Amino acid sequence: MALPVEEWRLYAARCWAALEPALRERLEVASLHDMVHLGCNFLWPEVEAAVLRRLCRRARTGKEPEAARFYREEGNRLFGRRHYGAAVRLYSQAASHEVPGSPEVSICFANRSAALFHLGRFEVCLEDIARAESHGYPDRLLPKVLLRKVECLLCLGRLQDAADTLSVVENKIGVDGNMTSPAQQTLLKKVNQLKDKIRERESCPEPAQEACADIQRKSEIWEENASISGASSSLSLKFDRERGRHLVASQDILPGQSLLKEEAFVSVLCPGENFHLQDSSETAWNTRVTNADLYCHCCLRQLLASVPCCGCSYAKYCSQNCADIAWEQYHRTECSLGALLLTLGVFCHVALRTVLLAGFAEVSRLVEWSHDGGKDLHNPEARCRILGEAPDTTAGTRGIPGCDDDGQYQSSYQAVFNLLPHAEKHSPEHKFLCLLSVVAICQQLQEAGLEAAVLNQKSSEKGSKPNMCEQTLGELSAELKTLAEAMLRHVLQLQCNAQAITVMQELGSGDGAVVKKKPVRLATAFFPVLSLLNHSCCPNISVSFSGTAVTVRASQPIPSGQEIFHCYGPHRCRMRVAERQQLLSQYFFECRCQACLDELESDVKSVVSTRNSFCCPSCQAPMQVGEDVLCCSEEACAISVSRESLSRRLGDLQQQINVALELLRDGKADQAIKMLLKCQMDARNFLSPEHLLMGEMEDHLAQVYATLGKWQEAARHLERSVKIVEMHHGPSSVEIGHELFKLAQVLFNGFAVSEALSTIQRAEEILSVHCGPQSTQIQELQEMKTCLSDLPRSILQRI
């Protein structure tokens with residue numbers, strides 16, 4: 001949710017409509033500085049605060065012991081059913097709602113350690129046992145947890161540590177005295193069993209395992225640019241009237257070559273599709289899993305056993321180190337504002353975190369600069385007068401916005417500040433909504449007593465809550481008005497400069513032989529250097545993410561002098577030109593890339609039009625496109641069908657496919673196959689053979705057959721899916737790479753050695769270009785190849 005919740009947007013619209021016409025006219029043409037000062041004078045903070053308080057009650061981000069009990073009991077229930085992965089997540093939820101240092105939170109960690117042990121995650125299990133002890137785990141229950149620790153240490157081959165821990169357990173049992181109870185007898189029996197295991201392992205040590213040879217990793221050629229941080233030396237920064245700042249190849253570039261490696265200046269985790277604010281009528285808690293439960297709120301790495309924030313239930317981290325970093329840099333301010341930030345949306349959250357990371361001194365310096373000499377540089381006409389022709393040398397980059405005095409373009413707050421806000425192009429209503437939102441945040445900072453901490457005048461104690469006593473909301477201080485102006489600038493910038501950090505997320509449980517994944521928006525970020533890239537609907541680069549870092553690679557040969565193009569949204573293979581142009585209007589430009597020009601200026605139909613078309617229900621010939629009615633292209637047939645009828649039929653087909661997938665999730669594979677085959681027969685009557693949905697059905701059938709271990713049938717359907725995906729996206733696209741990866745998995749599991757090796761090689765060539773030789777998929781492909789190559793010749797001859 002990038003923008004505020006709908007209720008706040010409607011409230012802002014009513015406020016805008018209620019303003020005097022003269023005031024609306026002043027706000028429409030006001031600078032950001034004047035908007036903030038005008039806004040602070042006419043806003044009604046008491047009314048506004050009451051509206052926000054009501055909305056914020058729907059985002060429950062505080063510590064709630066009742067919620068902790070609910071999640072812990074649900075975790076126990078799933079643990080009893082041996083659903084250990086789900087139990088881990090629920091115990092994490094429970095821990096996030098408990099008060100730090102309480103016996104209750106220690107029990108959450110201890111229970112989670114049990115689930116982790118059953119998952120074979122022994123190192124993480126040991127960490128949770130240590131957390132349970134440090135948070136005051138009840139002494140009477142400690143022997144059982146310590147015995148689990150002994151088992152972990154044994155599994156990890158740490159015999160001396162296991163023996164030492166077992167001695168501690170024996171001492172504790174001996175001190176308790178009562179050795180006749182059933183529980184004590186069970187403990188003693190377990191102790192004796194572990195003693196025997198330790199003695200056995202000590203007397204007959206396992207032969208030292210040979211270290212597995214690391215898969216040979218290709219080293220990426222990299223020489224950093226002297227004037228653009230994180231960029232390759234094969235790029236140069238240019239500027240002209242039409243394209244603004246942009247990057248150009250300064251030498252010939254090969255496919256797969258790394259062009260940019262940049263850490264996000266700021267990133268904020270998006271709650272995710274499953275997250276929603278609760279109505280008062282809803283059950284207080286549910287077991288829905290969101291991005292907030294799956295990824296670290298600091299580094300964005302995937303979570304297994306999260307470390308909760310000491311002050312709120314929302315922020316979760318992969319380690320105590322990430323929790324400490326987040327607290328020091330921004331979360332000590334954000335912690336008590338969690339509900340407000342979820343209500344006002346990710347863009348407002350990114351804007352606040354940006355100024356917190358930059359620090360007030362730097363924010364104030366650049367805001368003042370924008371009031372003086374810097375403002376002209378944000379007017380395209382004025383910029384061109386100042387800069388003249390586009391510079392071709394490093395020395396000539398000194399005047400380009402975002403560059404420092406030495407002509408260096410760094411991934412810094414100065415570069416972020418110089419991204420264009422396009423204030424003159426946003427609608428007045430949208431600017432007013434953004435203004436209300438950032439002023440509301442600053443009012444809350446002032447009311448909660450956080451102003452001094454934000455201005456770096458003092459530091460809040462970790463985990464302490466600000467003074468939330470009722471007080472009259474006064475006018476913002478001059479310093480908070482400066483912060484509000486910077487935040488307003490950043491919220492407006494984000495519409496054109498926000499970069500979605502995406503991750504390939506597993507669909508389903510992830511415990512099948514073939515893993516199916518889809519790209520998911522994980523976070524919203526500012527990447528100042530990446531933002532230099534202009535858009536094309538047919539880009540020449542591929543973007544991949546690892547945590548908060550982005551890597552840009554050439555996806556095709558780029559000759560010297562050619563501009564580097566990124567795709568901001570709809571690719572030419574996914575959407576028709578008219579639909580692309582409509583979506584791209586949010587960036588305040590009309591796309592004139594080569595792909596759009598080719599479709600607009602010729603009679604050639606787009607890839608999407610020709611391959612996602614309908615066919616005649618009678619003779620299966622292609623249907624000719626019309627406004628409301630589609631006609632068969634065969635004159636002898638001349639059947640016509642309404643577009644609405646075909647679209648309705650397509651919608652019904654997609655619903656049936658979803659039912660089939662539900663059957664698969666419920667373990668009813670045979671029924672799923674029957675329904676999918678029926679869907680396939682129905683689809684052939686009105687969809688072209690190249691329609692992307694035909695490929696999706698082949699993919700689903702492959703998934704079902706793989707679940708049943710019928711690898712040949714699965715491979716046959718996947719090969720058909722590969723052909724259709726290749727028609728849509730091209731033979732070297734990342735989409736075809738992902739399909740080939742799945743086909744390689746199926747062929748590998750089915751011991752189709754020669755076919756698997758050739759598929760692995762092709763998938764590796766494509767994915768190394770888009771994702772790099774260090775990516776997880778490349779490593780998995782290389783492991784499969786090594787395993788197949790190491791099979792004895794006698795086995796290979798029988799296969």
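Okay, let's start with the rings: searching the whole structure turns up 12 aromatic pairs. Keep in mind that this is a predicted model.

Let me pick out one of those pairs, phenylalanine 614 with phenylalanine 686. Now look at where they sit. Phenylalanine 614 is in the loop between helix 24 (607-611) and strand 13 (623-624), while phenylalanine 686 is in the loop between helix 26 and helix 27, so the pair ties together parts that are 72 residues apart in sequence.

Helix 26 covers residues 669-684 and helix 27 covers residues 692-707. Their axes are 10 Å apart, and they pack at an angle of about 160 degrees. What does that make them, parallel or antiparallel? The cut-off for roughly antiparallel is over 145 degrees, so helix 26 and helix 27 are roughly antiparallel to each other. Their crossing is left-handed.

And who's touching whom? On the helix 26 side you've got residues including Ala669, Ile673, Leu676 and Arg684, and they meet a set in helix 27 that includes Met694, Glu698, Leu701 and Tyr705. Sort the contact between helix 26 and helix 27 by class and you get 12 nonpolar, 2 polar and 2 charged residues.

One last stop, elsewhere in the chain. UniProt, in an unreviewed entry, puts a "domain: MYND-type" feature at residues 296-335. In the model, that span is 38% helix and 10% strand, and its end C-alpha atoms lie 15 Å apart.

Note on methods
Residues are numbered from 1 along each chain as its sequence is written. This is a predicted model: local features need pLDDT of at least 70, side-chain atom pairs count only at pLDDT 80 or more; totals for chains, interfaces and linings use all residues. Side-chain values use heavy atoms; hydrogens and water are left out. UniProt positions are given in the numbering used here, feature names are shortened, and annotations may be inferred rather than shown by experiment. Helices (H or I, at least four residues) and strands (E, at least two) are DSSP runs, numbered from the N terminus. Axes are lines fitted to C-alpha atoms, for helices over the stretch in contact, and angles run from 0 to 180 degrees between N-to-C directions. Angles under 35 degrees count as roughly parallel, over 145 as roughly antiparallel, 65 to 115 as roughly perpendicular and the rest as oblique. A crossing is left-handed if the near helix is turned anticlockwise from the far one by less than a right angle, and right-handed if clockwise. Contact means heavy atoms within 4.5 Å. Ala, Val, Leu, Ile, Met, Phe, Trp, Tyr, Cys and Pro count as nonpolar, Asp, Glu, Lys and Arg as charged, and the others, Gly among them, as polar. Rings of Phe, Tyr and Trp (its six-membered ring) pair if their centres lie within 6.5 Å; planes under 30 degrees apart count as stacked, over 60 as edge-to-face and the rest as tilted.
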